Amino acid sequence: MPAGIFRVCFVVIAAVVNHPLLFPNENITVPENTEAIIQKMKEREENLRLERLKLEQEMAVQETLTKSSEKATKSEEHYTYDPLSWNFWTALSLVVFLLIELWRQDYQEGTWQDYSIEEDENAVLGKTFKGVVLPDKVTLVNFYERCIQSVIGEIARNRELVEGFADDLLEALRSVCNRDADMEVEESIGVGSMYENWRIQKPLACDLIVPFSPPEPYCFKFETWLSGESVPPDKQGYGKIKICRADENSTGCICDKTKLGEDLLCLLHSKRNQTRHDNHVEDLLCYKDSRYLDGDQVMTWFQVALTKAWNKISHKYEFNLTFNLLDSPGALKIKFRSGKTIAFNLSPVVQFVDSDVYFISHFPCSGLAEGSTSSIHWFLTFAVYEKRYIQFVSKILPVNSCHLSCLQILSFLHGKQCSLTGPSSLTNYHLKTAMLHLLQTHPTSNWASDFLEARLQDVLKFLEKSLQEKRLYHFFIGNRNLPEELGIPVVFQKAEPMNLFRSFVLQRSAYRKTMDTFHEMLRNTAALINEYTVHVPMGRATPLNKEPL
């Protein structure tokens with residue numbers, strides 16, 4: 001018994017010593033690798049190794065003494081019990097170790113992150129941000145007026161042109177499709193930065209989602225990672241779409257309730273009719289040998305339908321229309337005779353039940369979805385709710401609030417830094433998610449135009465802290481503090497929070513690249529802003545007056 005208890009205690013001690021991250025007091029970034037720290041770490045490692053060897057030797061000596069005493073005092077029957085006892089305590093040790101690991105995962109990822117404002121924010125930040133000097137308010141205002149506010153007019157013109165052309169194109173698409181066999185396409189919905197009024201990077205591409213539904217009498221049945229059906233837990237944020245007949249389980253015929261004999265046949269629902277229905281389901285863009293909607297087939301169908309629709313209406317326009325990205329269903333580019341181009345994205349989506357959450361298979365220019373292992377897994381996008389929340393908050397914030405200006409400056413800095421050092425796993429969607437969290441926790445009065453510099457610092461601090469902890473939660477999934485006016489489905493609000501930085505835990509090279517790019521952006525912030533800003537005397541800048549789009 002004492003030896004077994006000692007084994008269990010030894011496993012727990014070894015877990016704490018060799019894997020200190022199993023019991024984190026708080027997520028703290030490892031300090032810079034100076035020679036003194038590295039030397040201390042090596043000495044500590046050597047001491048731990050000697051202590052472990054010493055413990056193993058003591059354990060071996062104790063086991064030898066125990067066995068010798070048992071041989072001298074106990075009968076032969078007790079010898080047959082020792083291996084079982086040893087196996088029992090070994091199994092118990094493994095169970096304890098697994099429970100510790102499961103507890104660690106639940107502790108780190110199973111609770112909603114506390115994004116409330118802390119009294120001492122600098123205590124959790126690395127040294128990189130502390131040494132950064134951001135431009136003053138006057139420089140930021142001048143930079144915004146020269147480099148960001150100047151594109152507002154162009155955004156409005158592009159959006160108006162794209163919306164009108166997209167409506168005409170989708171109307172032509174409906175006319176070339178077979179209404180009895182093809183998917184039914186609905187009206188497009190504008191989402192993303194162009195419709196949230198913070199787009200700054202060129203090309204100024206509009207993102208429109210196009211809901212579609214199956215022809216009658218078919219309907220969609222949804223399976224998400226929350227339903228616990230066929231979607232594994234590691235596919236958090238994904239779901240599957242099954243095509244079923246609306247009257248599949250409610251035909252009203254007696255053959256559904258009674259087992260017919262071999263010599264009896266239902267004239268309404270024969271096997272021949274069932275075979276025909278199954279073949280029709282396969283024609284509805286399903287994955288092979290299944291009833292699940294295939295994202296790749298949907299992409300092919302949508303591209304072919306768009307091509308037919310453009311051929312029908314191309315004579316009405318004095319420009320050419322081409323596909324911008326072949327791996328995206330509706331990444332299109334308008335090219336005028338003058339050489340000017342306008343890019344926009346039409347993405348086919350499926351509405352989740354009666355909400356504004358949509359299943360989407362392909363993201364044209366986003367790092368949100370990491371890419372599913374199968375084309376039958378669709379990602380759930382809350383883009384409509386994101387636009388709605390920004391509009392909701394804008395109504396209660398002060399006039400000419402700085403939240404969109406802050407997000408535009410961040411997007412500009414991040415884009416310029418990526419053009420210098422290469423693409424990063426940190427995307428504009430992560431920047432917007434950080435902004436949404438701060439909008440929820442900061443008082444509305446803190447977003448007045450006079451606090452642009454302070455809020456920009458807050459977002460950068462928040463992002464650095466999230467990157468260090470490898471934890472940035474999805475704003476809607478698992479967030480129970482959202483206003484009821486948004487109409488978010490309760491099933492998503494009560495779900496476990498979804499960590500958008502979860503991939504960084506395993507993808508160390510991508511994480512290191514992202515951290516390097518972010519810290520480089522912090523160091524280059526003043527230089528990038530000054531490069532695009534003309535010098536103005538102190539106190540001469542005009543306040544931010546953004547025109548509504």
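Me: What share of the contacts with a separation of 6 or more joins residues 24 or more positions apart?
Reply: The model is a predicted one. Its chain holds 16 helices and 10 strands. Among contacts with a separation of 6 or more, those between residues 24 or more positions apart account for 72%.

Me: What percentage of the residues is buried, and what part of the accessible surface belongs to carbon and sulfur atoms?
Reply: The chain has 549 residues, and buried ones make up 44% of them. Its accessible surface comes to about 30,200 Å². The part that belongs to carbon and sulfur atoms is 53%.

Me: Which residues of α13 meet α11, and what is the handedness of the crossing?
Reply: From α11, the residues Glu 386, Tyr 389, Ile 390 and Val 393 take part; their partners in α13 are Tyr 429, Lys 432, Leu 436, Leu 439 and Gln 440. The residues of this contact divide into 6 nonpolar, 1 polar and 2 charged. The crossing of α11 and α13 is left-handed.

Me: How are α12 and α14 placed, perpendicular or oblique?
Reply: The axes of α12 and α14 (residues 452-469) come within 10 Å and cross at roughly 55°. Roughly perpendicular would require 65 to 115 degrees. The angle therefore makes α12, relative to α14, oblique.

Me: How do the residues of the contact of α12 with α14 divide by type?
Reply: The crossing of these two helices, α12 and α14, is right-handed. On the α12 side the contact is made by Ser 405, Cys 406, Ile 409 and Leu 410, and on the α14 side by Leu 452, Arg 455, Leu 456, Val 459 and Leu 460. By type, the residues of the contact of α12 with α14 divide into 7 nonpolar, 1 polar and 1 charged.

Me: Is His 414 buried or exposed, and which residues does it touch?
Reply: His 414 lies in helix α12 (residues 403-421). Its relative accessibility is 8%, and buried means under 20%, so His 414 counts as buried. Leaving out residues up to four places away in sequence, His 414 touches Gln 201, Ser 424, Leu 426, Thr 427, Asn 428, Leu 431 and Met 521.

Me: Which residues is Asn 158 in contact with, leaving aside its neighbours within four places in sequence?
Reply: Asn 158 belongs to helix α7 (residues 152-176). With 7% relative accessibility, Asn 158 counts as buried. Beyond those sequence neighbours, Asn 158 is in contact with Met 194, Leu 204, Cys 206 and Ile 342.

Me: What is the separation of the C-alpha atoms of Cys 177 and Ala 305?
Reply: Cys 177 sits in the loop between α7 and β1 (184-185), and at 15% relative accessibility it counts as buried. Not counting residues up to four places away in sequence, Cys 177 touches Asp 182 and Ala 305. Cys 177 and Ala 305 are 128 residues apart along the chain, and their C-alpha atoms are separated by 7.3 Å.

Me: Where is Pro 203 found, and what is omega for the cis peptide bond of Glu 216 and Pro 217?
Reply: Most peptide bonds are trans. A cis bond joins Lys 202 and Pro 203, with omega about 5°, and Pro 203 is found in the loop between α8 (193-196) and β3 (206-213). Pro 217 is located in the loop between β3 and β4 (218-224). For the cis bond that joins Glu 216 and Pro 217, omega is about 10°.

Me: Is Asp 289 buried or exposed, and what is its phi?
Reply: Asp 289 has its place in the loop between α9 (271-283) and α10 (295-313). A relative accessible area of 76% is over 50%, so Asp 289 is exposed. Most residues other than glycine have a negative phi. Asp 289, however, has a positive phi, near 55°.

Me: What is the phi of Val 353?
Reply: Val 353 is in the loop between β8 (341-351) and β9 (358-360). At 48% relative accessibility, Val 353 counts as partly exposed. Although Val 353 is not a glycine, its phi is positive, at about 50°.

Conventions:
Residues are numbered from 1 along each chain as its sequence is written. This is a predicted model: local features need pLDDT of at least 70, side-chain atom pairs count only at pLDDT 80 or more; totals for chains, interfaces and linings use all residues. Side-chain values use heavy atoms; hydrogens and water are left out. Helices (H or I, at least four residues) and strands (E, at least two) are DSSP runs, numbered from the N terminus. Buried means under 20% relative accessible area, exposed over 50%, partly exposed in between (1.4 Å probe, protein chains only). Contact means heavy atoms within 4.5 Å. Accessible areas come from the Shrake-Rupley method with a 1.4 Å probe; for residues, only the protein chains shown count as cover. A crossing is left-handed if the near helix is turned anticlockwise from the far one by less than a right angle, and right-handed if clockwise. Ala, Val, Leu, Ile, Met, Phe, Trp, Tyr, Cys and Pro count as nonpolar, Asp, Glu, Lys and Arg as charged, and the others, Gly among them, as polar. Axes are lines fitted to C-alpha atoms, for helices over the stretch in contact, and angles run from 0 to 180 degrees between N-to-C directions. Angles under 35 degrees count as roughly parallel, over 145 as roughly antiparallel, 65 to 115 as roughly perpendicular and the rest as oblique.
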